[in-house]
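Please open the model in your viewer and follow the selections below in order. Each stop names what to select and then describes what is found there.

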Amino acid sequence: MMKKKSDILWPLGFGAVFLIIWQLYGFHRLLDLKPFQLPVPSEIIMTIFKNLEKVSGDCLLTVTGAIAGMAIGSAIGFAVAVTATLFPKWGYGGLTVISAFNAIPIVALSPIMNRWFSTGMGQKIGVVTVVTMAAMAINAYRGLNDLKPFSLDLMSSYAADKRTVFFRLRLPSCLPSVFTALKINITSAMIAAIVSEYFAASTSGLGFGIKDSLRKAEMAMGWSYITVSAIVGIILYLIIQAVERRAIKWHASQK
Amino acid sequence: MNNTPEITIKNVSMVYNDKGRDVTALSNVSLEIQKGEFISLLGPSGCGKTTLLRIIADLLQPTSGTVEVCGKSPREVRLEKKYGIVFQSPVLYDWRTVRKNICLPLELMKIDKAEQNNRVDALLEMIGLEKFQNHYPNQLSGGMQQRVGIARALAIQPEILLMDEPFSALDEFTREKLNEDLLRIWRKTNKTVIFVTHSIAESVFLSDRVCVLSPHPGRLSAVVDIDLPRPRTKEMRESPEFFNLVTKIRNSFEGV
Ligand SMILES: Nc1ncnc2c1ncn2[C@@H]1O[C@H](COP(=O)(O)OP(=O)(O)OP(=O)(O)O)[C@@H](O)[C@H]1O
Ligand SMILES: [Mg+2]
C-alpha cells in the first residue's frame, strides 16, 4: 500500500516541479528562448479556454478517427491472428504481410490514403487502421499460441476438440496480450491520426490545428493543441488500463 | 481374480531427437498392470518416468513397442475420457478460480450442474481448500496449486489415474496427509493408479508394486512387490518390514 502511494506521488511531484520551472521561465533561460517561442503553462491553459469550442471540436474529430481506425485495425489484426492459429498454412503468410505493413512510415502512408479516400475522416481511419493492425496481430498470435506447458495436454486428456481448445484455453489465455496490444495501439492511433492530418486536404483536427497555428506563428494556440493531444492520449490510455484491470484481474500483472 | 492385465506395456522404447542428437529416454520397457492395482514408477531424475506416463496417456507416441489398455489402444481410452492425469506442474488455468478449475473437466463432459457442485464440494474439502475456492491460481502457493490439480484429476472419477510426482512440491505434513487421502479414495473406488515419485518411502507406503527405473538409457531395473497389509497406517511407516522394503529398493538401483 505504501509503495502504491509513493508510485503515484513521485511522478506527480516531478510533474509539478517541471510545470513550475516552465511557468517561471526556467527553460527559457536554459535554452535561450523568447517567451513567444515557448508559451508558459498559464498562457496555454488560458488559450485553450478562450478557444474551447474550436479546440474541442477538432479534438473530437481526431479522437473519433483514431478510435474508429484502431477498432477496425485491431479487429483485422485479431482476425489474422485467429486465422493464423486455426489454419497455420495460410494464416502465417497473412501474419507476415501484416507485419510488413508495420514498417511503412506514417508519412508515406498518409499521402497514399489521401488519394484513396475523398474525406479527411476516411483518410484518417485508413492510416490508423494500417498502423494498428500489426501490433494486434502479432501480440494476439503470441497470446493464442504461447500456452503454459501441458495446458494443451490437459485438453487432449479430456479429448477436447479444436473448438473447445480455442474457446476454453486459447481465447482466455490471449487476453493479457490483447490488452498489451490495445495499450500500444491507443498511443500509436492518436499519433497516426494527428500526423495524417498534417497531410490531409481537410482543414480540421488536432494535427491540422498544430500545423496551421505554428505556420501562422500563433504559438500559444499551437501549444494548446499539443497540450490537448497529450491529455487526450493519456486519458484514453488510462481508460484501457482500467478496463484491463477489470477484465484480467486473474493475471499476475494485475496484482 | 481375473488375470488378464488391464494395462500391457510391451517392449516400449522412446528415442527423442534433440537437435539432431538422439536421446534414448526409454529402452525396452515391458510391464503388466492389473485392474485396481496401485503401481509406482520410482527413479532418479531423467530416467523416463514422465515419458512412460505420457505414452500410456496417449500424449506421446513411442518409437517402438506397444501399449494396450483393456484390449484397446491408449488413443481409444483417451477418447473415452478414462484417464485422469496429474501433471508434474499444476497446469491450472489462470483465469479460472480454484472451484472453476476443478469443475473444468466436468463442464467439458457436460455433467449436470448439481452433480458438478457435489463433486467439487467434496474434493475441496478433501484438499482442504474450501476457503480458497474463489481465489485465482496466482493467489495460491505452489503446494496449494498442486492440490487443486489433484482434485481436478479426481473430479472425472477416472478409470485410470496417472500421477506425475503429484506431491513433490508439498511439505512433509501435507504430503503424508494426502498420501492417506489418496489411499482412502483409491480403496473406495478401486481404480488403477500409476504414481510417479522420487521418494522411496512414499512409493513403499502407497503401492502394491514399485517399478524401479534406471537412467541412461531409461529401463525397468526391478519390480518390487510391497506385501504390507492394507489399509496402511501411519504406524506402518515405523515398522521393520517397511524399512526392509525401503532398503531392498534402495539396493536395487543400478549404478546411480
Ligand atoms: N521433448 C524432449 N526432447 C528431447 N529430450 C527429452 C524430451 N523430453 C524428455 N527428454 C529426455 O528424456 C529423458 C527422460 O525424461 P523424462 O522427463 O521422462 O524424465 P523423468 O524421469 O520424468 O525426470 P524427472 O524426475 O526429472 O521429472 C531425459 O534425459 C530428458 O532429457
Ligand atoms: Mg518427470
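**Domains of chain A, then the ligand site**

Begin with chain A of this predicted model, and colour its two parts separately: domain 1 covers 1-33 and domain 2 covers 40-254. Taken over C-alpha atoms, the centres of domain 1 of chain A and domain 2 of chain A are 29 Å apart.

Next, display the boundary between these two domains. Here 5 residues of domain 1 of chain A are in contact with 5 residues of domain 2 of chain A. The area that the two domains of chain A bury between them is about 430 Å², and 72% of it is on carbon and sulfur atoms.

Now select ligand 1 and its surroundings. The shell consists of 13 residues, and the closest are Ser45(B), Lys49(B), Thr50(B), Thr51(B) and Gln88(B). Colouring the shell by class gives 3 nonpolar, 7 polar and 3 charged residues.

Which elements of chain B each supply at least two residues of this shell? They are strand E1 (7-18) and helix H1 (49-56). H1(B) gives the most, with 3 residues.

- Thr51(B): a side-chain N or O atom is 2.5 Å from an oxygen atom of ligand 1.
- Gln88(B): the corresponding distance from a side-chain N or O atom to a ligand oxygen is 2.8 Å.
- Glu165(B): a polar side-chain atom lies 3.0 Å from an oxygen atom of ligand 1.

Notes: Residues are numbered from 1 along each chain as its sequence is written. Chains are lettered from A and ligands numbered from 1 in the order in which they are written. This is a predicted model: local features need pLDDT of at least 70, side-chain atom pairs count only at pLDDT 80 or more; totals for chains, interfaces and linings use all residues. Side-chain values use heavy atoms; hydrogens and water are left out. A residue is near a molecule or strand if one of its heavy atoms lies within 4 Å of it. A polar contact is a pair of N or O atoms within 3.5 Å; within protein, one must be able to donate a hydrogen and the other to accept it, and residues adjacent in sequence count only if both atoms are side-chain atoms. Helices (H or I, at least four residues) and strands (E, at least two) are DSSP runs, numbered from the N terminus. Ala, Val, Leu, Ile, Met, Phe, Trp, Tyr, Cys and Pro count as nonpolar, Asp, Glu, Lys and Arg as charged, and the others, Gly among them, as polar. Domain bounds come from an automatic or database domain assignment. Contact means heavy atoms within 4.5 Å. Buried area is the accessible area (1.4 Å probe) that two parts lose on being put together, summed over both.
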